[in-house]
Amino acid sequence: MSGFGGFVLRRALGAVVTLLALSVIIYVVFYVTPGNVAQITCGPRCSPAQVRQVAEQLQLNDPLYARYWHFLQGLVAGQDYSTGTSVQHCAAPCLGLSYRSDQQVTALILAKLPVTASLALGAMVLWLVIGVGTGVLSVWRRGRFTERLLTGLTLAGTATPVFVIGLILMIVVCGQLQLLPFPQYVAFSDDPEQWAWNLLLPWLSLALIESATYARLTRASMLETLAEDHVRTFRAYGIRERSIIRRHALRGAVAPLIAVNANNIGVLFGGAVLTETLFGLPGIGQELVQAVKVVDLPVVVGMVLVTGFFVVLANAVADVLYAVADRRVVLT
């Protein structure tokens, strides 16, 4: 196939192949780790017979390739699991059962996903507005004190960890000024106003850090465009600088912004571990931390695979957006 439809199909097939390769790497890395998973799952007081029973129940005695094949079957067609007293069916896409709670990993992720999605999407809107706006203002005021001030602020923002910004905001905004409540997740369907009010501080914490990158990237891309020959021609014809920046320089920053934003939003959808832990948000990142503590491998593998899925998906969508912005990309 050729044209835009063929381009989209090639990117979709490439994303599927990438996800398949990623699943192999993740599964092998985590399930070849040292340690007796059956003993850890059963507990320190279990007898050898109980440990063997747990290993049989979790299919840990099967070869690695057989377990991976069962894992793929679960993703495509679902799978039946024995919980000791009954058989539980896990519908596709099935990521297995949690060692700790016998709950389906897919259900655990879906229960936490709205929290992480709310955090990621709200922060993305803020960091794009703040970052791109700061970058454009820096270019508009280039050579002046405003540009130097904004450049210094963006450098400081890039070097500051998110938990430092989050702690400062909580102490000042929630503690001293009492302008916002301490974050406590409220579902959007329950109360949209409280949903946004309680997530504003986590959004700001992420946005203030990430917007520094977008500001620097926007500024660098726009300055590169403004140095090109066709821009000099526009100036020679008397076109106003404001119009040149808006119509031409800003357009040159779109492609790199799409690439960076795709990677950032993909990672955030997979779980903003530090932010969720700092603000006590019950999202995917916090669930991953708990699963790592108790060596709940199906949950860890499922969470990491979901993170990879969102990163691959976001980058595939970014490729399509490239093609929409510049149809010459379809030919490559």
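How many disulfides does a search of the whole structure find? The search finds one disulfide, the term denoting a pair of cysteine sulfur atoms within 2.5 Å. The model is predicted: local features need pLDDT of at least 70, side-chain atom pairs count only at pLDDT 80 or more, and totals for chains, interfaces and linings use all residues. Residues are numbered from 1 along each chain as its sequence is written, and side-chain values use heavy atoms, with hydrogens and water left out.

**Overall architecture**

- The protein chain contains 14 helices and two strands; these are DSSP runs numbered from the N terminus, with helices being H or I of at least four residues and strands being E of at least two.
- Taken along the principal axes, the box filled by the C-alpha atoms of the protein chain is roughly 85 × 60 × 40 Å.
- Of the 332 residues in the protein chain, 40% count as buried; buried means under 20% relative accessible area, exposed over 50%, and partly exposed in between, with a 1.4 Å probe and protein chains only.
- Contact means heavy atoms within 4.5 Å. Among contacts in the protein chain between residues at least 6 apart in sequence, 65% join residues at least 24 apart.

**Disulfide and cysteines**

- The disulfide joins C90 to C94, with an S to S distance of 2.1 Å.
- The link of C90 and C94 is right-handed, with 110 degrees about the S-S bond.
- C90 is buried at a relative accessible area of 0%, and C94 also counts as buried, at 1% relative accessibility.
- C174 is buried as well, with a relative accessible area of 5%.

**Largest pocket**

- The largest pocket has a volume of about 500 Å³. A pocket is defined on a 1 Å grid over the protein atoms alone: where a cavity is a set of points at which a 1.4 Å probe fits but cannot get out, a pocket is an open set with protein on both sides within 12 Å along at least five of seven lines.
- Grid points are joined across faces, edges and corners, and a volume is the space filled by probe spheres set on the points.
- The largest pocket is lined by 18 residues, and L75, P93, L95, L305 and F309 lie nearest its centre; lining residues have an atom within 4 Å of a point.
- At least two lining residues come from each of α1 (3–31), α4 (64–77), α5 (105–140) and α14 (297–325), and α14 gives the most, with five residues.
- The lining comprises 15 nonpolar, three polar and no charged residues. Here Ala, Val, Leu, Ile, Met, Phe, Trp, Tyr, Cys and Pro count as nonpolar, Asp, Glu, Lys and Arg as charged, and the others, Gly among them, as polar.

**Nonpolar core**

- The largest nonpolar core has 71 residues, of which F71, L95, I109, W127, L201, L226 and F269 touch the most other members.
- The largest share of this core, 13 residues, comes from α5.
- A nonpolar core is a set of buried Ala, Val, Leu, Ile, Met, Phe, Trp, Tyr and Cys residues joined through side-chain atoms within 4.5 Å.
- I109 is in contact with L95, I284, G302, M303 and V306, leaving aside its neighbours within four places in sequence.

**Backbone features**

- A cis peptide bond joins A92 and P93, with omega about -5 degrees; P93 lies in the loop between β2 (87–90) and α5.
- Q178 is not a glycine, yet has a positive phi of about 55 degrees. Q178 is placed in the loop between α7 (162–176) and α8 (192–226) and is exposed, with a relative accessible area of 63%.

**Selected polar and charged residues**

- E147, in helix α6 (residues 145–159), counts as buried at 10% relative accessibility. Leaving aside neighbours within four places in sequence, E147 is in contact with S138, R141, R142 and R219.
- N264, in helix α11 (residues 254–269), is buried with a relative accessible area of 15%. Its contacts, leaving aside neighbours within four places in sequence, are W127, E210 and Y214. N264 and E210 are 54 residues apart in sequence and 8.6 Å apart in space, C-alpha to C-alpha.
- Q88, in strand β2, counts as partly exposed at 23% relative accessibility. The C-alpha atoms of Q88 and Q104, 16 residues apart along the chain, are separated by 9.3 Å.
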